[in-house]
Amino acid sequence: PVPEAPASAARAAAEEDEETESGSLRRSSPTRALAIFARIKEVIHFLREAYFEVVQASLPETLREAESVLMSERCAYAIFAKAIFWSSADGDATPYPTRRVASRVAEEVNVLLESAELRKPLDATARFFARSLSERWLEECERDVAPISALEIVNETPADRIRTTRLSPGHRGEEDAPHDGECLVPVPAASDEHVFELAPRGGAEAVRVRESVFLRLNQRFERWAETHEIPEPSVVVEALVDAAPRAGEVPKHADVRERRLRHAEQSLATQRKADRRHEFERRVYCMLLRYKALSRGDPGQHGMVPEPVMRVLADWGCEAECFATPFNAALTGFCSPFDDVDECFGSEGNFFKFEPARGNFECNPPFLLNNDVIVDRLANLLRAAETRNDPLAFTLIHAEAHFKTCRKHAVFNSFMRHHFFLEEKAHYYHEGASYLRSCPRAYLPPFRTVLVFAATTAAKKEWPLTPSLLHDLKLAFSWPPRPLPAHVPSETL
């Protein structure tokens, strides 16, 4: 179990951060990550209790203890995850949902209150109760929350040291996806890898990640570290200063100092490597713990487009993903919801704050987000790029149910150049929880998927659509997976 964090923990950490120099590197802190994780558990418990109080006050005695009237923990986490994505769509960078999404949360609560068992006693007042409950819960979420820029602390504690264990192949993951279990199948020819388990040395909450994902995260971190300074170990730096040659020394003493300087430089190189590894493991732990809380309601929500599809798009000219996470991003550039823990792995931040002037982007948004929010954003970016005569293109990959929004949106529809559908259970995604399994699984959706290509006039010339491109995309998405054939580019559509 995770130890409960006091309500003032975030505030105390913020005050400590304010004392640091503005230009210093803010290290990711497992202590802070655990405090956020514990706080999320608190607000989940608050939501379940508040829901039960509403139901208990409104139902006949015979129904008060019925299992069907309780909000499950998984359901509460699912509402929490939706609220996080909705807050992200409003441009909020916070590990907790904000009061600006109260009406949407109320709709989710209202669905539960108006379930078959509760419709008769609560029909007249369900919406009032749902709105009131949602506002109370979101107010609790925002209580004593420090700004996102103050969520990382610099001073290290013993609990911040991360213990990394390499587990044997065969690890199945912490939990199975709660929905459409029959749609999850092993990926053919996928290798059974080792899994790394990371946890603070004091025990507490552990996270797991597949070896290939761990190595890819390390590559992303190293690219980021090339342009960001990590503080030198102070003890070795002092040894370097002490060993530096001094003016007027006799040769014998100068030789001694020269040997000491070489030894200190070797020690610094060794310590730098160890510190870099330690810093990387801390940041991986903080990032995965944040997403662990987000995915408890639905581990499948981080499902990703198959890598063969991303390779086809990359060869065509696609350079970044609009919606991804550090552990499932296939392209070098990507946007993700949590700036504070994702940035060091190459994230460009929240997509709704991202302002690309030009470029070719893949857009596979969470199904939890309403498509009107996505289409509005894409339409505004395309309209601005068209005004500047800049090449800007998006490949939107979404469930078929969302396609009608694309058609009805006048501005976005004017930029649509092509679309096609993938039949249900004849195509696949990678399961969202694959990153923590030794062997990944595929998700065969019980619905059709649509691919929509939208582009400015300049982008149509920059990245022409060809029959061979569309053929390769369909083939790369197909289930069971088939190899892509070599071909000669054909005429533009």
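Residues are numbered from 1 along each chain as its sequence is written, and side-chain values use heavy atoms, with hydrogens and water left out. As the model is predicted, local features need pLDDT of at least 70 and side-chain atom pairs count only at pLDDT 80 or more, whereas totals for chains, interfaces and linings use all residues.

Six strands form an open sheet of mixed pairing in the order 6-5-7-8-12-9; strands (E, at least two residues) and helices (H or I, at least four) are DSSP runs, numbered from the N terminus, and two strands are taken to pair if DSSP finds at least two bridges between them. Strand 6 (333-334) and strand 9 (416-422) stand at the edges with a single partner strand each, so one side of each has no neighbour in the sheet. Strand 5 (residues 320-321) and strand 7 (residues 359-363) run parallel and are joined by two bridges, with Glu321 standing opposite Glu362 in strand 7. Helix 12 (residues 371-388) packs on this sheet and touches strand 7, strand 8 (392-399) and strand 12 (449-455), contact meaning heavy atoms within 4.5 Å. The direction of helix 12 makes about 170 degrees with that of strand 8, where axes are lines fitted to C-alpha atoms, for helices over the stretch in contact, and angles run from 0 to 180 degrees between N-to-C directions. Helix 16 (residues 467-477) also packs on the sheet, touching strand 8, strand 9 and strand 12, and its direction makes about 30 degrees with that of strand 9.

A further open sheet is formed by three strands in the order 2-11-10, with antiparallel pairing. Its edge strands, strand 2 (184-186) and strand 10 (429-430), each pair on one side only. Two bridges join strand 10 to strand 11 (residues 441-443), and Tyr429 stands opposite Tyr443 in strand 11.

The structure holds 18 aromatic pairs, a pair being rings of Phe, Tyr or Trp (its six-membered ring) with centres within 6.5 Å, counted as stacked with planes under 30 degrees apart, as edge-to-face over 60 and as tilted for the rest. The rings of Phe323 and Phe351 are a tilted pair, because their centres are 4.9 Å apart and their planes stand at 55 degrees. Phe323 lies in the loop between strand 5 and strand 6, and Phe351 in the loop between helix 11 (339-342) and strand 7, so the pair ties together parts that are 28 residues apart in sequence. Phe323 is buried at 16% relative accessible area and Phe351 is buried at 2%, where buried means under 20%, exposed over 50% and partly exposed in between (1.4 Å probe, protein chains only). The rings of Phe354 and Phe361, with centres 5.9 Å apart and planes at 85 degrees, form an edge-to-face pair; Phe354 is buried at 17%, and Phe361 is buried at 4%. One aromatic cluster is made up of Phe196, Phe214, Phe221, Trp224, Phe280 and Phe345.

Charged side chains also meet aromatic rings. Arg377 lies over the face of Phe351, at 5.9 Å from the ring centre, and the charged end of Arg290 sits over the ring of Phe338, 5.0 Å from its centre; the criterion is NZ of Lys or CZ of Arg within 6 Å of the ring centre and within 35 degrees of the ring normal.

Glu205, in the loop between strand 3 (195-200) and strand 4 (207-210), is buried at 12% relative accessibility. A polar contact of 2.7 Å joins the side chains of Glu205 and Lys292; such a contact is a pair of N or O atoms within 3.5 Å, of which, within protein, one must be able to donate a hydrogen and the other to accept it, and residues adjacent in sequence count only if both atoms are side-chain atoms.
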